[in-house]
Amino acid sequence: MKINNDIGIFIQQKRIEKQISLRSFSRQIEISAEYLSKIENGLRPAPNVKVLEKISTQLLLSPQETEILYDLAAESKSYLSLASDLLVYITENKSIHKALRLAKRCGANEDDWQFFVEFLTNKYL
């Protein structure tokens, strides 16, 4: 069964840009070459978060590229999934649960969330 292969394409492109062979890279991230090949060819969904972290580290991904990696990993799953970095952040911060529930209850829309994003951007970036 073929799955959403954006994660596989992304990993393969970054690996090739760094001129790392599939076998060498599989050793670096401590998975089998066969498993990595199946991920890159869309035959397996993304690996677990520990392997994703190793992929990000070994490929020297920027923070933005790492976020893309996590988002693509979530999209590769056959079930509803959230990027693992966001899942950890939400789980560790109970106020986020309250904020999300309130936003859902109030029917917060795209404009409301864009306002919030702009607020955080202006405050921290």
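User: Which residues of helix H4 are buried?
Analyst: The model is predicted. Helix H4 covers residues 49-58. Buried here means under 20% relative accessible area. In H4 that holds for Val51, Leu52, Ile55 and Ser56.

User: How wide an arc do they cover around the axis?
Analyst: An α-helix has 3.6 residues a turn, so residues three or four places apart point the same way. The buried residues of H4 are Val51, Leu52, Ile55 and Ser56. They sit on the same side of H4, because the arc they cover around the axis is only 140 degrees.

User: Which exposed residues are on the face of H4 turned away from the buried side?
Analyst: Exposed means over 50% relative accessible area. The face turned away from the buried side of H4 carries two names of that class: Lys50 and Thr57.

User: How many helices and strands does the protein have?
Analyst: Along the sequence the pattern reads α-α-α-α-α-α-α-α. The C-alpha trace spans about 50 × 35 × 25 Å along its principal axes. Of the 125 residues, 30% are buried. The count is eight helices and zero strands.

User: Is Glu67 buried, partly exposed or exposed?
Analyst: Glu67 lies in helix H5. Glu67 has a relative accessible area of 45%, so its class is partly exposed.

User: What is phi of Gln19?
Analyst: Most residues other than glycine have a negative phi. Gln19 sits in the loop between helix H1 (6-17) and helix H2 (22-28). Its relative accessibility is 72%, so Gln19 counts as exposed. Its phi is positive though the residue is not glycine, with a value near 55 degrees.

User: What is the relative accessibility of Glu30?
Analyst: Glu30 is in the loop between H2 and helix H3 (33-40). Glu30 is not a glycine, yet has a positive phi of about 60 degrees. Glu30 counts as exposed because its relative accessibility is 61%.

Key:
Residues are numbered from 1 along each chain as its sequence is written. This is a predicted model: local features need pLDDT of at least 70, side-chain atom pairs count only at pLDDT 80 or more; totals for chains, interfaces and linings use all residues. Side-chain values use heavy atoms; hydrogens and water are left out. Helices (H or I, at least four residues) and strands (E, at least two) are DSSP runs, numbered from the N terminus. Buried means under 20% relative accessible area, exposed over 50%, partly exposed in between (1.4 Å probe, protein chains only). The arc is that of the directions from the helix axis to the C-beta atoms.
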